[in-house]
Amino acid sequence: MNSNIMLPRRGWKGFSILAVVAAFACVYVYYFSVGEGPVPGTINLLVKDDSQDMPFENNEGFQLGERSPRESSSAERVLPQQAYEEGEAVENEGQSIPSPQCQVLTQPKTDIKTVEQFSKFEFQPGWMRGKEFWDSNFEKRYLKRRTKWRKLPLKVFLMPHSHNDPGWLKTYEEYYFHQSSKILQNMIDKLKVHTNMTFVWSEMSFLSLWYERAHPTLRQQLKELVNSGRLEIATGGWVMTDEASPHLYAMVDQLIEGHQWLFNALGVKPTSGWSIDPFGHSAAVPYILGESGIKQTVIQRIHYAWKQWLAEQQLGDFRWRQVWDATGDSDILCHNRPFDIYSIKHSCGPHPQICLAYDFRKVPGEYTEYTIKSVPIDDHNVKQKAELLLEQYGRTGSLYPHNVVLVPIGDDFRYDYASEWDQQYINYHKLIDHINSNSKYHADVQFGTLKDYFHEIKHRMREFPTLQGDFFVYSDIFSEGRPAYWSGYYSTRPYWKVLDRQLEASLRSAEILYTWSYQWAVEEKQTRVVQILEKDYEKLVRARRNLALFQHHDAITGTSKAYVMHDYAVKLHEGLHDTLALAAVAAEALLLTDDGHSDLDKRSAPLHHFQPDFERSTYENLPHKLPISTHKILVPRKIILFNSLGHRRYEVVKVLVLSPDVRVTDEHGLDVSIQINPVWNDTGNGMEILTTQFELLFIADLPPLSLVTYAVHRENKQNLNIRSTIYSNYYAPVSETNNLPIFETREVLTGDIQLESDRLKLLFDGTSGMLRSITDKITSHVTQSTIRYAAYPSAQFKSGAYLFKPDPNAREPEEDVLTGAKPRLFIHSGPVASELSVMFGSVLMHTTRIMHIAAQPLANAVYMENNFHLGGRYNSTETPGFPPHYRETELFMRIMTDLDNGVEPTFYTDQNGLNMQKRVRVERIGIQGNYFPITSATFIEDKDPGHRLTLLTDHSTGAASWQQGWVEVMVERRTFYDDARGMGEGVTDQKRTVGRYWLLLEDTHGPEPVPRLSIAAHHLSNSLNYPPTLLVNEGVAHGSLRSTARLLTHPLPCSLHLVSLRTLAEPQYPGLLPSQTALMVLQHQSPSCNTVASVSTCSGIGDSPHLHTKLTLKVDSVKLSSLTGTTSHRKIKQLKDVGVTHHRLQSLIFKFPPLPHSAGT
């Protein structure tokens, strides 16, 4: 039963409830959240005359309701509509769905649908203990095929390779200097000696480092080997990216970085992909490769049941089709390696113990299973060894209809000794000669490359089967003869995953601002600015490469040793520092007036007056907010905001101030809606409100791709209307003082709690502070949506950095880790926002927030935030439900709803931010086999017309729908034991982490053939991933700054998203100097046509930019190009001529006017 508290009238007459929150040990916890929306003028809040005491209907609870309408002053904007050019009429904005513009999609027809097929597998096969799927049926088929070799000869390509991890057990630099540099040097030397030997290399991070240090003669020899076809550069990415955790921007960016370097240095454009070590395979990767000019690719690590089935059906080579591509235009030919992993032991055929004998590496002092098994080939044993090996090749060939076999010869960091090159080549050469010289074998064996293999199978086969879907979850069986699900790494080390996304957002903003400011400075002949930016280009490149390095499949996954993860984080933090500084320089250059630019040469530190409002000295600490001083009443402080999105947006901005008596004006000098929240301090005996710092919230209206200035003014009079009302059950004792309290504070009474806005009513459990239901006040529909935190107890040695497996011997499958804790509740309610935060000791603070904003989708969205730390001091009194020292704890957040998503629950997860993929629970493989990776979104919906619940996240993690109506995400994992997958240690380096989410409830007409996020979810996800860049003016005179600057004349349609805009390097000086060329990448974020949703700040869901859309820079030419910009296509006259069809990516190359000789360095 709910009881209503009527808040006393305090003068605010026009907004609803929401706010900010704070508090957990130490002085202040700042939550940088993404929220947005226009400033409404007609939102209500229940009020009562302030001359009366606040009555309670009963003591069972309280409700934060609606305030009475506020009359807008002439100085305030209410849903302002800003023109994009001076004097231009403002276009009508807003887009709703259903809409006739929305394109209904049909599911493609393919031979294989991974979701449907996976549920049919036998997951406890009889061969499991033996670890090999080869049985009598496979043997019979092989023997039958053997009789047909005369007509269909066996063709074998031996492909030497070396898999080089840019960090794992050692750091990137350690691996390079100890092993990779030697491998590359040996490659040059030995391929000259062994003139028919081949080699494959894929990691540009190592190759570029070697190339920069190599003698010009060695560089030329490298080019000759590549041009000869004996050395193939596969994929060409900066790293062999993980495929579960990277978001689209970073995944594409590392490929661009690799391809651009490769093309500039060697003139090479890769045509084959090589993805043999990521732990499961995403469908987004082959699409991205195809758009980059790659024609075919290889995958390795897929579920053992997939390995068996594809081998049985002879479907190991297939055309991989996107779930949204009915035409097959994006198909790419894919080869699945039929056996467990990429080592020689698992590559020659189905019997590893036989294959071991054909690994001829012999290094003094190195004793392994292959050094024991293998013996050199000589005239006495060559016939017996060749025929035994040929049988393995033949068995592998029988798994494919074309009888062509690709045999990788290598492993991790192989060929680091020159002797191995000779050992492998000489022994295999003898075997090759024996087989090829005997026609009775009807076989041909040769050294080759990926390109050779694919050329041969295309020659032998006209058609290939088609497949749609992906290959998650991955499970191996070869280690222990039992299933081991690699679903733990989706959520391992979330602090690093958040740090990755922070750099992604910061780099993206810096790239756009750099391109804009550099080309503007060239155009305006601002020589000093050009010189400064050219000098800083190396920092931009370094940040790109630091982010690219972290997309490696042992980096963003969190599966490297702790000291290696530390090294990655240092690099990410360096990138964050540099990109933010670079963004500040670029923003200052763009906003300076002509007089300001004329004074540049006189300044001791030109273009260094814009600074962030936080300090972060090391990566290990969360950003620490710095207060903005407003001591001088007549001198306001300028805040600069950069919107990096191609759409207008509203954002709730948060800064610290030293006084509660402030107001904020926009670039036109108009007042905007603000709210003052407290900053809390933990005294150890309760929480006290500081009187020296305050949190200021205001609503910013940001045009697309724009810099906008806001001003914070110190007032000489109090305005109680902007101060939030505070409720808590954990106040510190108040000292005796005659000063009036700054905030109106109330106790939280027993019973349920309700937060309310114009659109939403949220019901919370009054004891735990957790959400219970959401009511749509327009339709009166109530959705049960109970939040629960619990943990899976880890199985020792079976759950670790890679693997996830709950302890089968635990008393309960889930631990109620919050039981016995004493929740500390804090509620802030003000004119901009209302929020409830609940603290469980120092382990977890969960915040729920609603906005009092009329703009969609903010009006319908619920913001959530988790501040958690499982690596801190263990306190059994505060949180007795956690095991000692939080060991073997896999903490998750579950939302339990009344939605009907099927008896076998169906839910949807995003594929690296490109599209959504359907998932269906397979109960017999346990929760560990039903966790799937998400990078930005997951949703469940009624199987019939009804409702959809979408959860958007700011970092990658794992998600599941284990029961009907449930969706859960993993929050943190702490495992003390290694899971025997090579890392050699547990994961115990947890740090305090903040994870941010949007929760969205929408009406739907039922599931679509091609699942898609709603237009509202796309909008919120972009805002969550790419928050505005906030800078504070620390020295430029106000008269020397423009109030705004814009890069785009018109906003992009709602469906088109600007993925990136980066200045390409001068080909002669890659990584050193910027060119007059920029690469833009656009994405069509196709919205669901069945989900009812709207966005207030954009219009149109077409394939092309609006008419007259252009950059505010002079452009010589624009050409369509391959995704990574290495191949130019047709020239276009206007941006409206660009067509980006649903789900696809499209790159454009902008050529700007040449650099005047006097402008450069």
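Predicted model: local features only at pLDDT ≥ 70, side-chain atom pairs only at ≥ 80, totals over all residues.

Reader: Is strand 41 buried or exposed?

Author: Strand 41 (residues 937-941) is largely enclosed by the rest of the structure, because 5 of its 5 residues are buried. Buried means under 20% relative accessible area with a 1.4 Å probe, protein chains only. Strands are DSSP runs of E with at least two residues, and helices are runs of H or I with at least four, numbered from the N terminus.

Reader: Which way do the residues of strand 41 point?

Author: A937, F939 and E941 point one way, T938 and I940 point the other way, and all are buried.

Reader: How many bridges join strand 41 to strand 42?

Author: There are 5 bridges between strand 41 and strand 42 (residues 946-953), and the two run antiparallel. Two strands pair if DSSP finds at least two bridges between them. A hairpin of 4 residues links strand 41 to strand 42, and F939 has T950 as its bridge partner in strand 42.

Reader: And what about strand 38?

Author: Strand 38 (residues 906-910) is antiparallel to strand 41 and joined to it by 2 bridges. There, T909 stands opposite T938 of strand 41.

Reader: Changing topic, at what angle do helix 11 and helix 12 pack?

Author: Helix 11 (residues 382-397) and helix 12 (residues 418-436) pack at about 80°, with their axes 9 Å apart. Axes are lines fitted to C-alpha atoms, for helices over the stretch in contact, and angles run from 0 to 180 degrees between N-to-C directions. Helix 11 is therefore roughly perpendicular to helix 12, a term for angles of 65 to 115 degrees.

Reader: Which residues meet there?

Author: Among them are L389, L390 and Y393 in helix 11, and Y428, L431 and I435 in helix 12. Contact means heavy atoms within 4.5 Å.

Reader: Finally, where do the axes of helix 6 and helix 15 come?

Author: The axes of helix 6 (residues 248-266) and helix 15 (residues 527-550) come within 9 Å and cross at roughly 120°.

Terms used:
Residues numbered from 1 in each chain as written. Heavy atoms only, no water. Buried < 20%, exposed > 50% of the residue type's maximum accessible area, 1.4 Å probe, protein only. Parallel < 35°, antiparallel > 145°, perpendicular 65-115°, else oblique.
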